[in-house]
Amino acid sequence: MLQGWVIVLVAFAYLGVLFAVAYYGDKRAEAGRSIIANPYIYALSLAVYCSTWTFYGSVGRAASTGIGFLPVYLGPTLMVALWWYTMRKIIRITKAYRITSIADFISSRYGKSQMLGRLVTVIAVIGVIPYISLQLKAISGSFTILRHYPRIVMPAQAVAQPILNDTALYIALMLAAFTILFGTRHLDATERHEGLVAAIAFESVVKLLGFLVVGAFVTFGIYRGFGEIFRLAQQVPRLRALMTVADTGNTYGTWGFLTFLSMLSIVTLPRQFQISVVENVDEDHLRKAIWLFPLYLFLINVFVLPIALGGMMLFAGRGVDADTFVLTLPMAQQKEALALFAFIGGLSAGTGMVIVETIALSTMVCNDLVMPVLLRVKWLRLNERPDLSRLLLSIRRWAITGILMLGYIHFRAAGEAYALVATGLISFAAVAQFAPAIFGGIYWRGGTRDGAIAGLSAGFAVWAYTLLLPSFAKSGWLPASFLTEGPFGIPLLKPQQLFGLSGLDEISHCLFWSMLANIGIHVVVSLAGRQSITETGQATMFVDVFRRTQAPERSGLWRGSAAVEDLLPLLGRFLGPDRAREAFLAYARRRGVDSPEQLRADADLVAFAETQLAGAIGGASARVMVASLVQEQPPGLDEVMDILDEASQVRAYSRQLEQKSRELEAATAELRAANKLLQELDRMKDDFMSTVTHELRTPLTSIRAFSEILLEDPEIHLPERKRFLAIIVKETQRLTRLINQVLDLSKIESGSAEWHTTELDVHEVIRESVETSSQLFRESRVELVTSAGTDAGPRVMADRDRLVQVLINLLSNAVKVCRPGEGRVEIRLGVSNGFLRVDVQDNGPGISPADHETVFEKFRQVGDTLTGKPKGTGLGLPISRRIVEHFGGRLWVESELGKGATFSFILPLEVPAAKAGPELAQAAG
Amino acid sequence: MMRSFRGGHVKRSGITGQRLAAIFLMGCILLNYPILSLFTRPGGGIAGIPLLYAYLFGAWALLIGLMAVVVERPRD
Amino acid sequence: MGKRILIVEDEPNIVISLEFLMKREGFEVEVATDGEAALMAVGESAPDLVLLDIMLPKMNGFEVCQKLRADPRWRGMKIVMLTAKGRETEVAKGMALGADLYVTKPFSTKDLVAQVKELLGSGT
């Protein structure tokens with residue numbers, strides 16, 4: 001039943017489902033409703049760490065070393081506990097500076113060095129190829145095995161197969177096709193692939209389920225639980241030895257080194273970096289991941305030992321490779337469906353790893369290896385091309401195919417030399433070389449570009465010498481004596497016992513020496529050299545990222561500008577014109593303008609363009625491209641340090657600033673109050689003006705109206721004609737009075753009035769006022785009484801005319817309110833405390849206390865509504881008050897409704913009251 | 001659609017980070033020599049499971065459990 | 001049928017001139033000297049046109065206009081606002097409140113009479 005075509009069909013169906021999940025995820029992402037914005041999805045996606053190595057290889061490792069398969073999972077468990085600090089920082093840096101790959105990260109940190117980017121990419125590709133080849137081996141092997149059901153045969157040596165018959169080749173091609181489909185449908189500036197993450201999370205579930213089901217089947221189906229398996233195994237001497245580990249330093253050394261190695265790899269493997277950092281959507285997802293991911297590892301390892309032991313016992317002596325137990329055990333028990341499921345689980349584990357790893361590698365190859373070369377060599381041609389996004393995508397597709405082909409070649413050349421796990425560990429050791437550059441980069445400002453290059457190169461060289469070459473030797477590509485006696489017969493240079501260090505397994509040995517070289521040289525070279533300005537800037541930006549980033553788009557160190565007209569097409573070439581325009585539009589809106597054309601060409605815009613571009617072609621290339629547009633003056637070191645040390649300076653001056661800002665607040669509050677007052681006054685002035693114009697227009701209306709009437713109509717009767725003319729005359733007089741008073745008031749208020757201040761005899765002044773008003777009093781038949789006699793009265797310093805004006809104003813007011821025939825107005829004088837006091841009292845209707853101040857307001861007239869509209873301009877009292885106040889006095893009113901009113905003013909006496917007369921007696925009042 | 005990353009609340013979660021660092025150290029000790037050597041005696045076992053295995057998986061589970069608790073209940 | 005005009009103005013001399021002008025054209029004239037009196041007068045005698053000053057005691061002309069316009073009975077009544085306030089804002093306010101015409105003082109007697117006659121001549 002399990003014929004070849006059935007298996008193939010099911011495999012493609014599964015891959016189809018995977019693709020559908022990815023497609024759905026991408027569509028949801030485009031619609032803005034991401035399905036991966038979920039910590040559980042994130043934690044599951046991290047399980048891409050578990051490839052066929054985990055699915056098949058762990059059992060194989062357990063069969064030979066017992067518990068020795070475990071450190072590779074304990075390491076990540078321990079590491080994620082530290083992720084709270086380290087991974088958070090790495091993610092923050094990556095998001096803030098638009099980093100898109102591990103090569104980008106390292107190159108960006110060390111001064112955006114293209115050289116470093118290239119180096120990292122090359123090391124990554126070389127280091128990971130064995131890892132990819134082991135996936136091919138596992139998938140093709142499992143397919144071959146399953147195909148031969150119900151017989152259990154081990155796959156023949158790969159070399160024996162002619163290429164065109166080699167399933168592994170077709171698997172490699174198919175994987176290439178799928179990877180291209182998954183990862184290169186479009187260019188995303190952030191290099192995120194939401195659909196891919198969804199698919200990976202899905203396949204993590206599938207492989208976990210597959211393994212658990214097989215494990216449960218073996219433990220509880222074939223045997224009767226954990227206890228029985230172990231009990232039975234104890235009875236087999238070889239197996240008993242597996243129950244524990246040898247109590248030797250060697251063992252512990254290996255254990256420790258492997259744990260440490262996997263701690264590093266969980267961060268430095270390109271696929272792990274891609275999934276856990278670049279694809280991360282939300283820093284907070286780390287929370288759940290910190291315990292969910294170790295839990296996943298725990299679960300997928302629970303049944304490893306039972307399967308291994310069970311397989312060993314069941315297949316004793318039959319030469320079945322322990323790496324295949326997960327598949328062959330169900331097969332041996334005739335569980336077809338289970339075996340198929342196990343195959344799918346293994347397929348899932350392998351494809352997940354290959355897809356993500358290859359995408360990550362191809363991105364690096366494109367951005368850090370190919371593009372920089374293309375940009376430099378074929379400069380002119382690339383300059384003319386309007387849209388380079390297609391070129392970028394095709395470069396990546398070729399890279400994916402190339403990498404998989406390299407994996408296949410490695411598989412054919414060296415795939416048989418090692419078991420799955422051992423091959424994987426070689427890759428681990430290779431990518432571990434990135435760790436000093438990364439962790440040093442984010443915590444130590446002193447790491448220089450030269451130091452990183454030197455350290456990386458040294459570590460890689462040691463790795464190649466102690467692991468890669470020996471693997472070739474073990475596959476027969478190099479003479480075996482190379483291993484056993486050292487090159488040219490020098491024992492101290494034996495690749496796996498360098499300088500005589502023996503007793504370590506090859507991985508630990510390699511790790512020790514390579515880390516020693518890497519870290520040592522990195523530190524020494526960094527300390528011995530100096531950093532360039534860019535390096536220093538980048539170093540601080542990385543190490544201090546938490547302090548710096550609330551604003552993701554920092555201007556960085558651009559000093560210069562480029563116009564949008566230049567930047568937009570540049571971006572369009574690499575991102576595609578539509579995406580570029582979208583990005584600029586969003587940026588423009590953030591800066592508060594409507595269209596990108598209105599954006600100011602400043603350093604911020606340049607930095608924005610650079611980060612966007614970095615997403616497509618990597619940070620180093622982006623810098624080169626943008627720099628070609630920008631007329632930039634590189635900042636001097638001093639300026640850079642100034643810019644960057646702002647923070648510390650501010651801290652030092654913060655107390656001063658705080659105080660200054662408090663003072664500023666107080667001043668601002670005062671200013672605000674003053675402004676309000678000014679506005680108030682302004683408004684009042686406007687009111688005054690508008691009232692004045694109104695008052696002026698009113699008499700003018702009558703004058704004009706009657707003039708026109710008289711002009712038009714000669715037939716008007718004489719009495720009426722006279723009446724109208726009289727009105728015209730009266731209104732003219734009214735107008736004149738008003739204009740005079742307005743001018744008067746304005747002059748007094750603005751201080752431009754002329755004052756002729758002399759010594760005055762108050763009695764004389766009163767007499768004069770009375771005389772002038774006498775006509776008015778006679779006409780109104782109001783009585784006027786005054787106590788001012790003809791003798792000399794108190795003397796004040798004042799303007800005679802003005803004082804008379806005041807008195808006349810008061811008197812005429814009094815007359816106007818008194819009822820004809822009954823009215824009585826009295827003028828009283830008094831002296832007290834060096835002041836002269838004059839009262840003008842009438843027996844009119846009085847003024848209610850509420851209006852005592854109102855009467856002194858401009859244009860305000862308080863009239864008895866029964867008598868109709870009050871006469872007068874409404875300006876008399878305000879003018880009088882200002883006159884009195886000008887001479888140092890006060891004018892006020894005392895009155896109650898129905899009891900008349902008394903207007904009083906005081907003026908300072910000119911001479912001390914030495915010549916006081918009988919008036920003094922009244923001073924008591 | 002990329003949701004912008006949130007500012008790291010490093011200060012607020014300082015205690016969580018420290019606790020996790022403590023768990024890390026604990027794990028390093030528990031899962032390595034010399035503590036490990038205590039359990040490498042042959043024979044023995046818990047419910048039929050050899051001592052070393054039981055210890056390793058048990059310690060592992062313990063660490064995971066502690067991390068879960070620390071992360072999910074930040075302020076005790 | 002003689003049209004009736006209500007003059008709402010508190011300046012006596014202006015009242016005299018307006019009264020003269022309107023009577024000369026043959027209209028019946030009534031006078032109110034404050035806002036409240038104006039509303040009462042409208043209620044009592046239903047004039048065809050109101051010459052409405054704005055600066056009035058008790059209730060200003062804008063309010064009067066608004067109240068008149070709010071009443072469905074007076075929908076056909078013409079309202080001419082007369083005032084010394086000539087700022088654009090005031091004009092707009094007046095027109096927005098529903099005045100048919102807004103005249104600033106001092107006004108031309110010829111123009112005012114012509115416009116009043118036109119407002120009363122056309123119309124239902």
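Okay, hi everyone. Keep in mind throughout that what we're looking at is a prediction.

If you take the contacts in chain B with a separation of 6 or more, 60% of them are between residues 24 or more positions apart.

Have a look at helix α1 of chain B, residues 14-30. That's 17 residues, with 24 Å from the first C-alpha to the last, close to the 24 Å you'd expect at 1.5 Å a residue. Which residues of α1(B) are buried? They are B:Gly14, B:Thr16, B:Gly17, B:Leu20, B:Ile23, B:Phe24 and B:Gly27. When you look at that list, remember that an α-helix has 3.6 residues a turn, so residues three or four places apart point the same way.

Now, how does chain B sit against chain A? The contact brings in 45 residues from chain B and 53 residues from chain A. Together the two chains bury about 4400 Å², and 70% of that is on carbon and sulfur atoms. How many salt bridges are there between chain B and chain A? The count is 1. That's A:Lys288 with B:Glu72, where the closest N and O atoms are 3.2 Å apart. On the chain B side, the elements giving two or more residues are α1 and α2 (51-72). The one that gives the most is α2(B), with 12 residues. Split by class, that side of chain B has 27 nonpolar, 13 polar and 5 charged residues.

On to chain C. Here we get 5 helices and 5 strands, and along the sequence they read β-α-β-α-β-α-β-α-β-α. Of the 124 residues in chain C, 53% count as buried. For contacts in chain C between residues at least 6 apart in sequence, 61% join residues at least 24 apart.

The side chains of C:Lys105 and C:Glu9 make a salt bridge, 2.9 Å from N to O. C:Lys105 is in the loop between β5 (101-104) and α5 (109-121), C:Glu9 is in the loop between β1 (4-8) and α1 (12-24), and the two are 96 residues apart. Buried or exposed, C:Lys105 and C:Glu9? Both are buried.

Next, chain A against chain C. This contact takes 22 residues from chain A and 20 residues from chain C. The buried area is about 2000 Å², 59% of it on carbon and sulfur atoms. A:His694, A:Arg697 and A:Thr701 supply 25% of what chain A buries there, more than any other three residues. The rule finds 3 salt bridges across this interface. One of the salt bridges in the model joins A:Glu712 to C:Arg24, at 3.6 Å between the closest N and O atoms. There are also 6 residue pairs in polar contact between chain A and chain C, again both at pLDDT 80 or more. On chain A's side, α32 (646-712) and α33 (718-750) each supply at least two residues. α32(A) gives the most, with 13 residues. By class, that side of chain A has 7 nonpolar, 5 polar and 10 charged residues.

Last bit: charges within chain A. Over all chains, the search turns up 37 salt bridges. One of them is A:Arg881 with A:Glu853, at 3.2 Å. Because A:Arg881 lies in helix α36 (residues 876-886) and A:Glu853 in the loop between β5 (835-842) and α36, the pair ties together parts that are 28 residues apart in sequence. A:Arg881 is at 16% relative accessibility, so it counts as buried, while A:Glu853 is partly exposed at 48%. Then there's A:Glu822 with A:Arg819, 3.3 Å apart at the closest N and O atoms, and A:Glu822 is exposed at 54%. And there's a network of salt bridges linking A:Glu783, A:Arg824, A:Glu826, A:Arg828, A:Arg837 and A:Asp839.

That's it from me, thanks.

How values were computed. Residues numbered from 1 in each chain as written. Chains lettered and ligands numbered in written order. Heavy atoms only, no water. Contact = heavy atoms within 4.5 Å. Buried area = accessible area lost by both parts, 1.4 Å probe. Salt bridge = Lys/Arg side-chain N within 4 Å of Asp/Glu carboxyl O. Polar contact = N/O pair within 3.5 Å; in protein donor to acceptor, adjacent residues only side chain to side chain. Helix = DSSP H or I, 4+ residues; strand = E, 2+ residues; numbered from the N terminus. Nonpolar A, V, L, I, M, F, W, Y, C, P; charged D, E, K, R; others polar. Expected span 1.5 Å × (residues − 1). Buried < 20%, exposed > 50% of the residue type's maximum accessible area, 1.4 Å probe, protein only.
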